[in-house]
2 protein chains.
Amino acid sequence: MSSESPKQALFAQFAAVAKAAAHPHRLELLEQLAQGERSVEVLADRTRVSVANASQHLQHLRRAGLVAARRDGKFVFYRLAHDAVLGLLTSLRRIAELQSAEVERVVRSYFNDRDSLEAVSRLELMDRLKAGIVTVLDVRPEDEFALGHLPGAINLPLSELEKRLADLDPDREIVAYCRGPYCVLSYEAVAMLRARGFKVRRLEDGLPEWRAAGLPVEAGTSG
Amino acid sequence: MSSESPKQALFAQFAAVAKAAAHPHRLELLEQLAQGERSVEVLADRTRVSVANASQHLQHLRRAGLVAARRDGKFVFYRLAHDAVLGLLTSLRRIAELQSAEVERVVRSYFNDRDSLEAVSRLELMDRLKAGIVTVLDVRPEDEFALGHLPGAINLPLSELEKRLADLDPDREIVAYCRGPYCVLSYEAVAMLRARGFKVRRLEDGLPEWRAAGLPVEAGTSG
DNA sequence: TCATCATTCAATAAATCTCTTGAATGATGT
DNA sequence: ACATCATTCAAGAGATTTATTGAATGATGA
């Protein structure tokens, strides 16, 4: 540490940050945390790893300064340490998309690429919101919605969407969104709603990117 | 690879990008490449690693899509694959700065923090350039200058600065710049010139950031 | 105090990464 | 063809990282 040149010491610090991000499980944890704070158990459950393993990865992330922790009773809630972490995730995604035909292949085979091409940008959605001609549909689970959502959004989790179609005005254009650019929920919601004759498109990215852009976010439950 | 879920496959790809960046030597190589393309030998020399080792690291970076290579005769020239790589470096730096008191300590003990506080932002420099009231001084070596520099900049490499003080107008304000936020050259130039009575400040970041911001860059040698 | 539960710690084997060494490749000029 | 030089490849020892297991910690409620 102290025997290195200052320059090497700096690069070592930067490398430590990159190393913390350099594991699939940890990236998945970060994606979850981009939605809002979560307990270890919830994170372990959603990322399909053992609790002990999740805990270890989270501490790795904490040591590198990517996440922060808060204790509340028996639970420890983790959250992203700073918006710059979301920027890091975005950079990684962009580079991977540019380089690897593999990423494109995965995305195209898993998602419906016609839908992804017709995605609505944040700016476009802002315009339409001002004009009041669009229904914003949040298809994430209720708890995530409660922690924060787009202003005026309606929460219909994908699991309940089919039962509650009556809550949607069939004459208004719908924009569905989810956790982020690769979140499957909104793709599936769009596919399902289109099959029922709704005019619906997908928001290009998800809530974390919206928030990071400095756009307003509401909290609490609603209709 | 193909037995994973699509989601896991994506995170694995993103992790591969992060892993490529997760080594001090490779980050230093990337910083060098942010200046412009370089041969393996030059990179090995500047980062103080063996040629074989540099070659291995460069190929690691190439496989992950962070750099690209071009053969010209006996030499192979590497360059950053895309601007997004610079964004990645910036994210890593920001996170490291936020988290680690260590980084701040290193920076403050090595650099003169008074100088760093008085750094000029890109926007401020743009304004002053338009008003024509400032001399822009590039203190990098000649070859780097030739590959690209700020419009109207004068190239006085640090090694020659002392001999060629006459090239500078002592009545005009000077803004010195270098390779990037942690490049020592411009700090030293500022210290030296101030000791001689010049009015001189440092540009907040270096040429790569200027270029990435979409601002104009000149090439070729000049006075 | 005791039992419970979320989280963390500690230890280990398996896998991966890194640097060095020396040879191989590929382009150039004689 | 040959020698030269920049770069890459291949192999192996040493260090680091990872997932698992089971135990330890720390807070809660009876």
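1. A residue is near a molecule or strand if its C-beta atom, placed from the backbone, lies within 6 Å of it. By that rule, 21 residues surround DNA strand D. The closest are A:Gly73, B:Ser39, B:Val40, B:Glu41 and B:Ser55.

2. Some ground rules. This is a predicted model, in which local features need pLDDT of at least 70, side-chain atom pairs count only at pLDDT 80 or more, and totals for chains, interfaces and linings use all residues. Residues are numbered from 1 along each chain as its sequence is written, while chains are lettered from A and ligands numbered from 1 in the order in which they are written.

3. Which elements supply the surface near DNA strand D? Chain A gives α4 (51-63). Chain B gives α3 (40-47), α4 (51-63) and β3 (75-80). Each of these elements supplies at least two residues. The largest share, 5 residues, comes from α4(B). Helices (H or I, at least four residues) and strands (E, at least two) are DSSP runs, numbered from the N terminus.

4. The surface near DNA strand D has 8 nonpolar, 9 polar and 4 charged residues. Here Ala, Val, Leu, Ile, Met, Phe, Trp, Tyr, Cys and Pro count as nonpolar; Asp, Glu, Lys and Arg count as charged; the others, Gly among them, count as polar.

5. Now DNA strand C. Two or more residues each come from α3 (40-47), α4 and β3 (75-80) of chain A, and from α4 of chain B. The largest share, 5 residues, belongs to α4(A). By class, the surface near DNA strand C divides into 8 nonpolar, 9 polar and 4 charged residues.

6. How do the chains meet? In all, 41 residues of chain B are in contact with 40 residues of chain A (C-beta atoms, placed from the backbone, within 7 Å). On the chain B side, α1 (6-21), α2 (24-33), α5 (83-99) and α6 (101-110) each supply at least two residues. The largest share, 13 residues, comes from α1(B). This side has 27 nonpolar, 9 polar and 5 charged residues.

7. One helix pair deserves a look. Helix α1 (residues 6-21) of chain A packs against α5(B) at about 105°, with axes 9 Å apart. Axes are lines fitted to C-alpha atoms, for helices over the stretch in contact, and angles run from 0 to 180 degrees between N-to-C directions. The angle makes α1(A) roughly perpendicular to α5(B) (65 to 115 degrees).

8. Which residues make that contact? From α1(A) come A:Gln13, A:Phe14, A:Val17 and A:Ala18. From α5(B) come B:Leu92, B:Arg93, B:Ile95 and B:Ala96. By class, the contact has 6 nonpolar, 1 polar and 1 charged residues.

Methods
Contact = placed C-beta atoms within 7 Å. Parallel < 35°, antiparallel > 145°, perpendicular 65-115°, else oblique.
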